[in-house]
Amino acid sequence: MAASQNEDAFVEFERVQKSYDGETLVVKDLNLTMPKGEFLTMLGPSGSGKTTCLMMLAGFETATHGDIRLNGRPINNIPPHKRGIGMVFQNYALFPHMTIEENLSFPLEVRNIGKSDREAKVKRALDMVEMGAFGKRRPAQLSGGQQQRIALARALVFEPELVLMDEPLGALDKQLREKMQFEITDLAHRLGITTVYVTHDQTEALTMSDRVAVFDDGRIQQLDAPDTLYEEPQNSFVAQFIGENNTLEGTVKEIRDGIALVQLDDGELIDCLPVNVSKPGERTRVSIRPERVEFNKERLQAGAHTLKAEVMEFIYMGDIFRTRLKVAGNDEFVVKTRNAPDQVRLKPGEQIEIGWLPQDCRALDA
Ligand SMILES: Nc1ncnc2c1ncn2[C@@H]1O[C@H](COP(=O)(O)OP(=O)(O)OP(=O)(O)O)[C@@H](O)[C@H]1O
Ligand SMILES: [Mg+2]
């Protein structure tokens, strides 16, 4: 197996495939390179192959095809406990019969670290997750969030260079989850730990990560920084999966000077950014974010395209207004507008004109 060609790569998947039954590939041609210290999240629907990728990296599953490298070297033949990887899973299995201190000491004992060193490291790990006062308790005497923090401390206590986390916050309530999200990224960045994090919560992925790999059907659909994923989705799956999105269906009429002219199914012609359409006649889904649509005539920018719309619903949400419209046959078209003093308030049944800039309207795959 070849060593890495890329000096900056800390974690590498190269052409990795995985099949459990020898027939269907649940991971199809995965390519991924992470530099040291990166916080990368694998985000995707259930069954898209996220845990499988983590398990291969951890060494609990082997790749059917391809190479996985850590620090430039293939890891296929290194057993899990020799990979120096810390792990946190959704059902954090702390040892119930051991105290918290003993739970944290265990990974150090396995690595033959001496007693006084162990005690110092356990204390530091507990302080790090603000659980210093709980060392003598047993897991059952802690709340879910506290157990989760101990699981995190246990994954970090032996100072791994790489930490893998599979839905570690899934069982926690919203408030605690948000606090832990911050604690995890803060720790990872402070200690320079490279992290692969798995979730199917897109907010969590967007707020925590340096980059997000959006998985679907065993493939990475897009790998980018959070803002790029949201602003520049490369296909319809990503546009729909990340954030709220409006789609209008149509056919490409022509592509010229970086603009695609699309005929919507109700006959209207609009200008779009050709993202993954390539020729006239192709079917397309046009994607527009709810906050990029303007229905205040005075605020419509020069060059904006306008379309007729019917108001279906107008909801006051405090900081924003959420308007549901019927546009080109789609009655689930949502517009979000900031609650400003001059913002128009609408009533169901009103006929209005809406507009957006061509660059905010992306022609994607149908
Ligand atoms: N041990 C196994 N044996 C056979 N098939 C498996 C095994 N583990 C996972 N699979 C299958 O592989 C596919 C990918 O599963 P995986 O657990 O990687 O998905 P996931 O993205 O982590 O999903 P979730 O969000 O539900 O945890 C699924 O179709 C699943 O049924
Ligand atoms: Mg999973």
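1. The shell around ligand 1 is made up of 3 nonpolar, 7 polar and 1 charged residues. Its members are Tyr20, Val26, Pro45, Ser46, Gly47, Ser48, Gly49, Lys50, Thr51, Thr52 and His200. The model is a predicted one, and the distances that follow should be read as computed from it.

2. Glycine 49 takes part through its backbone, where an N or O atom lies 3.0 Å from an oxygen atom of ligand 1. As for cover, ligand 1 on its own has 640 Å² of accessible area, and the protein covers 57% of this.

3. On the overall layout, the chain has 366 residues, of which 46% count as buried. It contains 8 helices and 19 strands. The C-alpha trace spans about 75 × 50 × 35 Å along its principal axes.

4. The largest pocket has a volume of about 580 Å³. Its lining consists of 22 residues, and those nearest the centre are Ile85, Met87, Pro107, Arg154 and Phe158. At least two lining residues come from each of β6 (85-89), α2 (100-110) and α4 (144-156). β6 gives the largest share, with 5 residues. Sorted by class, the lining holds 15 nonpolar, 4 polar and 3 charged residues.

5. The second largest pocket has a volume of about 260 Å³. How many residues line it, and which lie nearest its centre? There are 16 lining residues, with Glu291, Arg292, Val293, Glu294 and Gln301 nearest the centre. β17 (330-338) and β18 (351-356) each contribute at least two residues to this lining, and the largest share, 3 residues, is that of β17. By class, this lining has 5 nonpolar, 4 polar and 7 charged residues.

6. The largest cavity has a volume of about 50 Å³. It is lined by Leu152, Leu156, Val163, Met165, Ile184, Leu187, Ala188, Ile193 and Thr195. Two or more of these residues come from each of α4, β7 (162-166) and α5 (174-191). The largest share of the cavity lining, 3 residues, belongs to α5.

7. Helix α4 deserves a separate point. It supplies at least two residues to the lining of the largest pocket and two or more to that of the largest cavity. Alanine 151 is placed in this helix. Is alanine 151 buried or exposed? Its relative accessible area is 4%, so alanine 151 counts as buried, the cut-off being under 20%. Leucine 94 is 57 residues away from alanine 151 along the chain, yet the C-alpha atoms of the two are separated by 6.8 Å.

8. Threonine 207 is the second residue to look at, and it lies in helix α6 (residues 202-208). Threonine 207 has a relative accessible area of 55%; the cut-off is over 50%, and the residue is therefore exposed. A polar atom of the threonine 207 side chain lies 2.9 Å from the backbone oxygen of threonine 203. The C-alpha atom of threonine 207 is separated by 8.4 Å from that of glutamine 181, which is 26 residues apart from it along the chain.

Note on methods. Residues are numbered from 1 along each chain as its sequence is written. Chains are lettered from A and ligands numbered from 1 in the order in which they are written. This is a predicted model: local features need pLDDT of at least 70, side-chain atom pairs count only at pLDDT 80 or more; totals for chains, interfaces and linings use all residues. Side-chain values use heavy atoms; hydrogens and water are left out. On a 1 Å grid over the protein atoms alone, a cavity is a set of points where a 1.4 Å probe fits but cannot get out, and a pocket is an open set with protein on both sides within 12 Å along at least five of seven lines; lining residues have an atom within 4 Å of a point. Grid points are joined across faces, edges and corners, and a volume is the space filled by probe spheres set on the points. Helices (H or I, at least four residues) and strands (E, at least two) are DSSP runs, numbered from the N terminus. Ala, Val, Leu, Ile, Met, Phe, Trp, Tyr, Cys and Pro count as nonpolar, Asp, Glu, Lys and Arg as charged, and the others, Gly among them, as polar. A residue is near a molecule or strand if one of its heavy atoms lies within 4 Å of it. A polar contact is a pair of N or O atoms within 3.5 Å; within protein, one must be able to donate a hydrogen and the other to accept it, and residues adjacent in sequence count only if both atoms are side-chain atoms. Accessible areas come from the Shrake-Rupley method with a 1.4 Å probe; for residues, only the protein chains shown count as cover. Buried means under 20% relative accessible area, exposed over 50%, partly exposed in between (1.4 Å probe, protein chains only).
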